[in-house]
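Hi everyone, thanks for coming.

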Amino acid sequence: MTTTVYARVESPLGELLLVGEVVADGPDAAGAAGAAGVRLRSLSMPGQKGGAVVQDGWRHAPEVFAEVARQLEAYFAGRSTRFDVPLAEGAGTEFQRRVWAALESVPYGSTVSYGEIAARVGASGAGVRAVGTAIGRNPLLVVRPCHRVIGADGALRGYAGGLERKKLLLGIEGGAG
């Protein structure tokens, strides 16, 4: 059984909305209920284009996001360069998932162009626009680093959370911005 849970976390970007799925594992060999864990499905910012909105039936459960909140705090304080949180599966199309996987390979403090991401997923040329659209639909801002993708000319381009937040994130990482 899966339950949707959410919490709000303060950050330098504003109040972040964390949405996750609590998944109870199946019974163990003795028939006891398995351990439950949260898988992060969405991380949204105030005013974000396409950001998550709390739905009826979701349970407010900040306690299940304690580890995610701790990692976000360490990232924003410059003490951590990566996230290690379980992510929900099944979001996005197959193409979007390929693009998102390419985003996850961009190192902390580095930037790549939309064209470079397109080449990594085999969608060069006209496919750059599709890559940009897929990046814009990334449901896990900050954790899945779409902020590290910039224009071929080095200019900051498109970010669902706004260019000022993209600039702030790149500044935290010491990258372009």
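Let's start with Glu-173 and Arg-148, whose side chains meet in a salt bridge at 2.8 Å, N to O. By salt bridge I mean a side-chain nitrogen of Lys or Arg within 4 Å of a carboxyl oxygen of Asp or Glu. Before going on, a word on the model: it is predicted, so local features need pLDDT of at least 70 and side-chain atom pairs count only at pLDDT 80 or more, while totals for chains, interfaces and linings use all residues. Residues are numbered from 1 along each chain as its sequence is written, and side-chain values use heavy atoms, with hydrogens and water left out.

Back to our pair. Glu-173 sits in helix α5 (residues 163-173) and Arg-148 in the loop between α4 and β6 (149-150), so this bridge ties together parts that are 25 residues apart in sequence. Helices (H or I, at least four residues) and strands (E, at least two) are DSSP runs, numbered from the N terminus. Are these two partners buried or exposed? Glu-173 is buried, with a relative accessible area of 7%, and Arg-148 is buried too, at 6%. The cut-offs are under 20% relative accessible area for buried, over 50% for exposed, and partly exposed in between, using a 1.4 Å probe and protein chains only.

The structure holds eight salt bridges. Another one joins Glu-94 and Arg-98, at 3.2 Å from N to O. These two are four residues apart in helix α2, which means about one helical turn separates them. Glu-94 is partly exposed at 46%, and so is Arg-98 at 34%. Then there is Glu-63 with Arg-59, where the closest N and O atoms are 3.8 Å apart. Glu-63 is exposed at 52%, whereas Arg-59 is partly exposed at 39%.

**Two helices**

How do α2 and α4 pack? Helix α2 (residues 94-104) and helix α4 (residues 127-136) meet at an angle of about 80 degrees, with their axes 9 Å apart. The axes are lines fitted to C-alpha atoms, for helices over the stretch in contact, and angles run from 0 to 180 degrees between N-to-C directions. That makes α2 roughly perpendicular to α4, a label for angles of 65 to 115 degrees; under 35 is roughly parallel, over 145 roughly antiparallel, and the rest oblique.

On the α2 side you'll find Phe-95, Gln-96, Val-99, Trp-100 and Leu-103, meeting Ala-130, Val-131, Ala-134 and Ile-135 of α4. Contact here means heavy atoms within 4.5 Å.

**Aromatic rings**

There are four aromatic pairs in the structure. Rings of Phe, Tyr and Trp (its six-membered ring) pair if their centres lie within 6.5 Å; planes under 30 degrees apart are stacked, over 60 edge-to-face, and the rest tilted. Tyr-6 and Trp-58 have ring centres 6.5 Å apart and planes at 45 degrees, so that pair is tilted. Tyr-6 belongs to strand β1 (residues 2-9) and Trp-58 to the loop between β3 and β4, 52 residues apart.

Tyr-75 and Tyr-108 pair edge-to-face, at 6.2 Å centre to centre with 90 degrees between the planes. Tyr-75 is buried at 1%, while Tyr-108 is partly exposed at 24%.
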